[in-house]
Amino acid sequence: MRLLVTGGAGFIGSEFVRMTLGEHPEDAVVVLDKLTYAGNLRNLESVRADARFRFVHGDIGDAGAVGGLARECDVIVNFAAESHVDRSLEAPGQFILTDVYGTYALLEAARAAGHERFLQVSTDEVYGEVAVGRSQEVDPLRPRSPYSASKAGGEMLVQAYRASYGFPAIVTRGSNTYGWYQYPEKIIPLFITNAIDDEPLPIYGDGSAVRDYIFVSDHCRGIDMALRQGTPGEDYNVGARGEVSGVNVADAVLRLLGKAADLKQFVRDRPGHDRRYALDSSKLRALGWQPEVGFDEGLERAVRWYVDNQDWWRPLKSGDFWDFYRRNYKPLQSGAR
Ligand code: NAD
Ligand code: TYD
């Protein structure tokens, strides 16, 4: 199989590329990536010399580029996205261009090339917050942030292509993912790298919002399972039943690094902060997939990796990173806590 992996220089996409080339000797991979602030060719260093690998620098919204690449490949696995909720709150436009229009451009290219399978990587955030229970694939999509609305918009186009053209698309909805090579803006890599430097860990609101964490290799094996064993036209949740609150993430990171609890800093809450996500992944489990890495073990692996690979993340925490950081994080109003 020749796979076009879009967004393959990012966090999850690069793990998927390393995994595919490592575990499927008959496969070849073309990565198309725009190399935004979150894309990083260093994530692909270990596969660069592999004759089955090729990198193309470009935008998924560029119809000419994606049309040509789709004709060279058998299947598109679309990881490319703007992916950070806080950035979507500040500037939604690029999220709509990449996550909605870009998905449309890929669907068109795959349809014109006659592909027999397409995989859209989506997120549990499209369900919106769930107070109790676990989201199932049949549940309505109720996105609440510009990021999740853009991802849901991409999914709506996938659904329309299925219904209108019989287009053979599979959607995976993964939960909050963590591990190595994650740009240090999401909670886990941010808290680990801040703690290493004895910087405060900024916890939104009272820190009680819950996310359902999954280790990156488990998420990628789930996508691989859906791609190879899933049924076109179906959606699959990919979650590991790893529900943890923000303040518990902070405590666990500080404990693993032997840092003091007073590094925890409660800051102004994220507007529209979804209180809880949780996934029911029994449909994917029925295909034979199950997660292998629990939260405690995964967090320990991630902490060790960021301690051992400071040359990877230190250059990322400079210039633009701190400009966004200063705009995004605000102290709690005095008296609030
Ligand atoms: P990331 O931000 O680390 O990587 C995104 C990649 O896409 C980067 O390499 C970036 O350069 C590239 N990209 C962005 N815009 C592009 C464009 N217009 N054309 C081509 N490339 C472009 O994101 P991630 O965390 O690896 O997430 C990958 C996918 O998984 C996304 O679709 C995201 O919505 C989804 N997802 C992420 C999580 C999570 O917790 N990180 C959970 C579930 C689903
Ligand atoms: P994040 O990693 O941004 O993922 P998402 O919002 O896409 O789920 O946030 C995960 C949780 O951690 C969410 O409840 C918000 C919280 N959070 C903080 O408390 N502080 C932070 O600095 C960040 C980035 C997130």
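Visitor: How many salt bridges does the count come to?
Guide: The count comes to 29 salt bridges. Keep in mind that this is a predicted model.

Visitor: Which residue forms a salt bridge with Asp27?
Guide: Arg228 does. The closest N and O atoms are 2.7 Å apart.

Visitor: Where in the chain do Arg228 and Asp27 sit?
Guide: Arg228 is in helix α7, residues 216–229. Asp27 is in the loop between α1 (11–23) and β2 (28–33). The two are 201 residues apart, so the pair links distant parts of the chain.

Visitor: And Asp27, buried or exposed?
Guide: Asp27 is buried, with a relative accessible area of 1%. Arg228 is partly exposed, at 24%.

Visitor: What about Glu185, which residue does its side chain meet in a salt bridge?
Guide: Arg87, at 2.9 Å from N to O. This pair also links distant parts of the chain, 98 residues apart. Glu185 is in the loop between β7 (177–178) and α6 (187–196). Arg87 belongs to helix α3, residues 85–90.

Visitor: Is Arg87 buried or exposed?
Guide: Arg87 is buried, because its relative accessible area is 17% and the cut-off for buried is under 20%. Glu185 is buried too, with 7%.

Visitor: What do Glu155 and Arg173 tie together?
Guide: Their side chains meet in a salt bridge, 2.7 Å from N to O. Glu155 lies in helix α5 (146–165) and Arg173 in strand β6 (169–174), so the pair ties together parts 18 residues apart in sequence. Glu155 is buried, with a relative accessible area of 1%. Arg173 is buried, also with 1%.

Visitor: Which residues do salt bridges that share partners join into one network?
Guide: Arg134, Asp212, Glu243 and Arg276.

Visitor: New topic. How many residues are in the largest nonpolar core?
Guide: It has 70 residues. Phe16, Val17 and Val77 have the most contacts inside this core.

Visitor: Which domains does this core draw on?
Guide: Domain 1 (2–178 + 216–238) and domain 2 (187–210 + 242–277 + 294–328). Each gives at least three residues.

Visitor: What does Val77 touch?
Guide: Leaving out residues up to four places away in sequence, Val77 touches Leu3, Leu4, Val5, Thr6, Phe16, Leu119, Val121, Ile223 and Leu227.

Visitor: How many residues are in the other core, apart from this one?
Guide: That core has 22 residues, among them Ile60, Ile76, Ala109 and Phe118.

Key. Residues numbered from 1 in each chain as written. Chains lettered and ligands numbered in written order. Predicted model: local features only at pLDDT ≥ 70, side-chain atom pairs only at ≥ 80, totals over all residues. Heavy atoms only, no water. Core = buried A, V, L, I, M, F, W, Y, C linked by side-chain atoms within 4.5 Å. Buried < 20%, exposed > 50% of the residue type's maximum accessible area, 1.4 Å probe, protein only. Domains from an automatic or database assignment. Contact = heavy atoms within 4.5 Å. Salt bridge = Lys/Arg side-chain N within 4 Å of Asp/Glu carboxyl O. Helix = DSSP H or I, 4+ residues; strand = E, 2+ residues; numbered from the N terminus.
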